[in-house]
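Hi,

Here is the structure I said I'd pass on.

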Amino acid sequence: MGERVIIIGGGFAGLAAGVALSERGHRVTVLERRSFLGGRAYSFVDQATGDIVDNGQHLFMACYENTINFLRKINRLDRLKFQSRPRVDFIDTTAAITAFDCPPLPAPLHALTGLMKMRGLTFGDKLRAFRVGRALGKKSNGWSGATVSAWLTSLGQSENIKTRFWYPMAIATLNENPEIASAAMLKRVLDIAFQGSSTNTSIGISRVGLSDLYTDGAREFIEDRGGEIRTDSEAASLLLEQKQGLRRITGVELKNGEILEGDYVISAAPPQAFLRLLPAELRDEFAPLTSLKSSPIVSINLWFDRPVTDLEFAGLIGTNIQWLFNKNAICTGANQANQIAIVISAAHDYVDCTKEELVDMALDELRELIPEARNAKLLRSRIVKEREATLSHTIESDSIRPLAQTSISNLVLAGDWTRTGLPATIESAVLSGNIAADIVSSRLI
Ligand SMILES: Cc1cc2nc3c(=O)[nH]c(=O)nc-3n(C[C@H](O)[C@H](O)[C@H](O)COP(=O)(O)OP(=O)(O)OC[C@H]3O[C@@H](n4cnc5c(N)ncnc54)[C@H](O)[C@@H]3O)c2cc1C
């Protein structure tokens, strides 16, 4: 098989497409703009401590079928550890800990029982939560065109249960504020999470830095099958040929002027990067994509002189900081010296704060939530701001997200932001890579 497939982007989507196509014997070249693979899910070594820091803590779910298969294929699944059953601990500003702990019952009973056992919710809150459960099974589409907050209000959900349960879940999965996030997308998440197998919502965490989880494995897999991974290789433009009314992409011009010819091109770059690749003739056609916006995530990594919690991770209620991850407990074999990673999703209000402002806020709030943190001395801090962490899941973005196949038969789109039916997550990225690979290989056989 001599056809060459050029894949632009070395994140989860591009690597998943590369792995799937190499496995089927196609000649793959992955182009990555940066000097390393991983896109928006990577890790690096903090020089001062020698610890591994993720660009933001990532959680996986047991329902991430495509991701799990991808990691299994590249022989890295053992680096991810899943809970035996879904459980999330929450800490509130009274320092009380309550768990959303789902017993081994058939779905959705497991989730409803988990909710029933949660402290901090009134009996009325819990009873009314059943309305959300019932709405999931209904065909009527109260969620369509509604925001998360409007939809939950229409189902009688109180501010208390929104703040303590629904919003933390919505913000974590959609990375957008409930006042503008799409209810249809949250419903999709809830459908998958609570209507399938009772372990669908079990959380998986990488025991190694994110880059070590998949980038080398994917590289080896592709290179072992004759493919090529080129880092420091920024695609500058797609080369378009128009002959007798037929349009095709003949290849890609790199930023350094090099031209790569290809039979197929998969763009697995984020939307704005993809738009920059377009020749003038195609810009109008893809103009709607310019209205896709992104939403930021801020991570505040804190190193203390002593352990501050035994929990692996916890949702934080009533504070600006939303999640804490105890890296000592999470990373096996690593010397994560009392490192706590704090995450703020949908961080529109925080992404422009200074390092000092973020660290002071995180420290104050952490000390309010966790008594053990009050006497702990902060040794070091490091902020990672991902300004374009994910697609902003507004009501409008649902209908703008494009399908993989474009109007040009040999140009295919991938990336978490494409219309996979899932929120922009790792699973969406890997699924999009698989869809793109299926489209290409079905034509090349
Ligand atoms: C802080 C943070 C926390 C997150 N938490 C979670 C989580 O808990 N769970 C979850 O499932 N998801 C999470 N996500 C989302 C997840 O990281 C993304 O959905 C996923 O990594 C997207 O992969 P992708 O391949 O679609 O895109 P990307 O990772 O963005 O990959 C695109 C690649 O294309 C490259 N590129 C761009 N332009 C060019 C060009 N012209 N030429 C060559 N290369 C180019 C980029 O450098 C990049 O490497 C999080 C994201 C962030 C930022």
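Let me start with helix 8, residues 210–224. With 15 residues at 1.5 Å a residue, the helix should span 21 Å, and its end C-alpha atoms sit 22 Å apart, so the two agree. Bear in mind that this is a predicted model, so all of this is computed.

Quite a few residues of helix 8 are buried: Leu210, Ser211, Leu213, Tyr214, Thr215, Gly217, Ala218, Arg219, Phe221 and Ile222. After the helix comes Gly226, with a positive phi near 90°.

Strand 19 runs antiparallel to strand 15 (residues 294–304), and 10 bridges join them. If you want a pair to click on, Ser294 has Leu391 in strand 19 as its bridge partner.

- domain 1: 4–46 + 62–76 + 209–291 + 393–444
- domain 2: 84–88 + 99–200
- domain 3: 294–391

The centres of domain 1 and domain 3, taken over C-alpha atoms, are 32 Å apart. Where these two meet, 8 residues of domain 1 are in contact with 6 residues of domain 3. On the domain 1 side, the touching residues come out as 3 nonpolar, 2 polar and 3 charged.

Cheers

Notes:
Residues numbered from 1 in each chain as written. Predicted model: local features only at pLDDT ≥ 70, side-chain atom pairs only at ≥ 80, totals over all residues. Pairing = 2+ DSSP bridges. Helix = DSSP H or I, 4+ residues; strand = E, 2+ residues; numbered from the N terminus. Domains from an automatic or database assignment. Contact = placed C-beta atoms within 7 Å. Nonpolar A, V, L, I, M, F, W, Y, C, P; charged D, E, K, R; others polar. Expected span 1.5 Å × (residues − 1). Buried ≥ 20, exposed ≤ 12 C-beta atoms within 10 Å, placed from the backbone.
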